[in-house]
Amino acid sequence: FPTRRSSDLVPVSKPARKTVDDGLMLVGDAARHVDPITGGGIINALDGGRLAGEVAVQAVREQDPSLKVLKYYETGWRASFGKKLERNYKIKDIFVNLSDAELNKLIRSIEGLSLEEMSVAGIVKRLISSNPRLLVGLHHLL
């Protein structure tokens, strides 16, 4: 077996198409709730876990762990943080297709970014304003 690094196991792809079924709710890494840009997922896992817990309580009270009840978990996480994950996946796709020279230019353009601006949205805004031609198509994602 080849040696694996923990970074090889982070699911930085689009969220799972379906995260609920009869008697099942996928949360965190299992649901691919990982930010595809940063690789972070603890906040999303906690938010998803809270939503799953709330829906699980409802399912127990109704004695109905069917998709009919559990679908509210999927609706909830997609409304809460799902749009951000989809957006960041599109941003990641743009970045992985850039050349080394283009990436170096982008990195140089965020030098001096203040701590307050250090967020995915803040960095992307700076990148777009400093490199409008290079990042055509990103502005609609913010």
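Which helix supplies the largest share of the lining of the largest pocket? The views below take up this point and others. This is a predicted model, where local features need pLDDT of at least 70, side-chain atom pairs count only at pLDDT 80 or more, and totals for chains, interfaces and linings use all residues. Residues are numbered from 1 along each chain as its sequence is written, and side-chain values use heavy atoms, without hydrogens or water.

**View 1. The largest pocket and its lining.** The volume is about 170 Å³. A pocket is an open set of points on a 1 Å grid over the protein atoms alone, where a 1.4 Å probe fits, with protein on both sides within 12 Å along at least five of seven lines; lining residues have an atom within 4 Å of a point. Helix α4 gives the largest share of the lining, 4 residues. Helices are DSSP runs (H or I, at least four residues), and strands are E runs of at least two. α2 (67–96), α3 (100–109) and α4 (120–130) each supply at least two lining residues. Among the lining residues are Phe-95, Leu-106 and Val-124.

**View 2. Ile-43 in helix α1.** Helix α1 spans residues 42–62. Ile-43 is exposed, at 57% relative accessible area. Exposed means over 50%, buried under 20%, and partly exposed in between (1.4 Å probe, protein chains only).

**View 3. Arg-32, with positive phi.** Its phi is near 60 degrees, and Arg-32 is not glycine. Arg-32 sits in the loop between β2 (24–25) and α1. Arg-32 is partly exposed, at 31% relative accessibility.

**View 4. Gln-63, with positive phi.** Here phi is near 50 degrees. Gln-63 lies in the loop between α1 and α2. Gln-63 is exposed, at 73%.

Notes. Grid points are joined across faces, edges and corners, and a volume is the space filled by probe spheres set on the points.
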